[in-house]
Amino acid sequence: MTGGPDLRVRLGALELAHPIINASGTYDVLAVAGHGPSTVPFSCYVPKTVTLEPRTGNPPPRITETPSGIINAIGLENPGIEAFIADLPRLAGLRIPVIISVGGARPADYLAVVRRMEERLAAAGAGRSPAIAGYELNVSCPNVAAGGLSIGADPEALRQLVSAARPLTARLLIAKLTPNVTDIVAPARAAAEAGADAISLVNTFKALVLDPVSLRPFLGNRTGGLCGPAIRPIALRMVAEVAMSVDVPLIGMGGVTSGLEALEMIACGATAVAVGAATLADPRAPARILEQLSAELAARSLAGLDDVRGTALRDS
Amino acid sequence: MSAAPDRPDGCGPTGAVVVPCPVVEVRRFADWSLVWIEAPAVARAARPGQFVMLAVPGAAFALRRPLSLHRVHGDRVALLIERRGEGTRRLAELEAGAEIELSGPLGNGFDIATTCSALLVAGGIGVAPLQFLADELRARRIPVWTFVGLRGKRQLPLLTVLDLPRQTVATEDGERGIHGTVIEALDASPAAAEAVEKGAEVFGCGPLPMLVALRDWASMHHLIGYGSLEAHMACGTGACHGCVVATTRGYLRVCADGPVLPLQVIGERTLAARGTP
Ligand SMILES: Cc1cc2nc3c(=O)[nH]c(=O)nc-3n(C[C@H](O)[C@H](O)[C@H](O)COP(=O)(O)OP(=O)(O)OC[C@H]3O[C@@H](n4cnc5c(N)ncnc54)[C@H](O)[C@@H]3O)c2cc1C
Ligand SMILES: Cc1cc2nc3c(=O)[nH]c(=O)nc-3n(C[C@H](O)[C@H](O)[C@H](O)COP(=O)(O)O)c2cc1C
Ligand code: FES
């Protein structure tokens, strides 16, 4: 990227080489990269949401294609925080920072995960580990009946969760919002006021697909979360609304598949841009998006992303 | 290969190659296309039972379609594609000279390291990966019996592209070979009795109800059996946990823990899963 536009961005205290990161749950460095950590096409790695206890996830089918999108109901399948910690040395070679996505059925579960992780990182001789830059509180997963939806959709509950998590860590604290609300600004404000360093948005939209033969819900969980290009204009609007209302940096996501679309997120106020569905459809999409983003800036004779951020929000 | 069926938590396959590759030959017939692709990196690493994820040409946004490796010759791989929906229709229309993006080889494949004799049982398009398996077994001079079950007349053209050792055909409408399901054919055929006599390992691919019947048939005859399963996929590499099937060992990812699983892990919950045809 030498000689090209400056793609570095800052999420609070965290400096990233470029704005393209992976959306939680859609990329696994251990499974995908294969050729060593240097080939990871993201500036930061967000593993799949981890919960206090192991979760087996939802019954299948869990995923399928929809027009210009993907619907999924994985159900936060994950091995739990202890197994996650035991596995950290496998990520030790990673040259990019890691942001741990945290989920839970109750606020106390989120706090327990952050506390446990901080203990592990503070312990002397804790063993090899990648650089843990912070936490993304996934208060938005629409798939778990008893899960995050209520917190993300309830600004007061979100405020309390972020306030309680804030003193537990000096690392970056991010709230990832659900779009399944009438007003996206209220939870965003609550999270920012409670001390979140950044806000991620959006998670998936609650949706339904039927089996064409049986006319019954196709997914084992019946409903699922919609992502991909189908949701991009709505995600873009929500990023813009939140950018106009809070001062913390935003990680914008929802259907981004090209450099221009990433640039649009940034023009609507995003600092970083996460990519999910596009990577699932094409493992080379992230690298391509990054190249295209650089080319978009060069073609517009822009020196860096600060020149673009929020331009869509101005009156003139 | 890190992904084994007894390691449901194992990481997915690594080293999957993602490349645009030239289509070198296409044979279109009835509902199918036999597509040969020049893909040296995939061909060299491929093992029978593995699959590739194929980008749908001309689609604005589409998940890749999982397709089994049907044959491997030198630097070329063949896919046998049955037209079902929009994606396979577009893939089946590929012409020689086109470029196609694919990732692979993916999945665990059939483990034939200790196989002394093999009974291959296919249902319809499930025969696709079994051809590659048969080729590999034949190259190792391992005795093979194959059974191909077809719905009926409409599926007969499939037989024209197959080259299977000691092949028995069964059709449900009685158009060709034994009249009945492929499992009924196993019960009726002296070739199957011979395979049982030799203690052959059973390798199956086809619709889930067929695999369940094959599980019961194999266990009745005290044979070890494996089946290749299907599921809707997104990443194809084990990352998204989207393609799980419910087994007696819990949820297993078809793309990374499979697609080949011991027939014994197919249980009531596997069949009960909604959306399964
Ligand atoms: C490991 C594996 C190997 C396969 N090998 C072959 C093969 O060698 N030859 C062959 O013809 N078919 C094979 N299939 C089935 C093939 O993947 C589907 O027929 C195909 O994905 C259907 O896509 P479509 O666009 O035509 O159908 P649509 O119904 O329009 O597809 C919509 C979505 O559902 C998925 N989907 C629909 N049906 C299936 C299915 N049966 N299995 C998995 N995903 C499905 C599609 O991939 C797509 O994401 C294999 C499937 C798996 C899992
Ligand atoms: C298969 C799949 C799994 C996901 N898992 C998670 C998860 O564990 N935690 C989370 O916060 N978001 C999860 N998401 C949501 C994505 O991180 C992202 O917010 C959403 O997909 C929108 O971005 P996209 O359109 O680029 O995919 C998942 C999405 C998909 C498709
Ligand atoms: S498709 Fe199998 S885990 Fe993603």
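Predicted model: local features only at pLDDT ≥ 70, side-chain atom pairs only at ≥ 80, totals over all residues.

How many residues of chain B are in contact with chain A? I looked it up: 33 residues of chain B are in contact with 35 residues of chain A. Contact here has a cut-off: the C-beta atoms of the two residues, placed from the backbone, lie within 7 Å.

Residues are numbered from 1 along each chain as its sequence is written, while chains are lettered from A and ligands numbered from 1 in the order in which they are written.

**Chain A**

I counted up chain A next and got 10 helices and 13 strands. These are DSSP runs numbered from the N terminus: helices are H or I with at least four residues, strands are E with at least two. The radius of gyration of chain A is 18 Å, close to the 20 Å from the globule rule for 316 residues, so chain A is as compact as a globular protein of that length. (The radius is taken over C-alpha atoms, and the rule is 2.2 Å times the number of residues to the power 0.38.) Along its principal axes, the C-alpha trace of chain A spans about 55 × 50 × 40 Å. I also noted that 59% of the 316 residues in chain A are buried, meaning 20 or more other C-beta atoms, placed from the backbone, lie within 10 Å of the residue's own.

**Ligand 2**

Which residues are closest to ligand 2? They are A:Ala23, A:Gly25, A:Cys227, A:Gly276 and A:Ala277, out of 31 that surround ligand 2. To count, a residue needs its C-beta atom, placed from the backbone, within 6 Å of the ligand. Residues from chains A and B surround ligand 2, so the two chains share the site. From chain A, strand 5 (69-72) and helix 9 (277-281) each give at least two residues to the shell.

Conventions
Buried ≥ 20, exposed ≤ 12 C-beta atoms within 10 Å, placed from the backbone.
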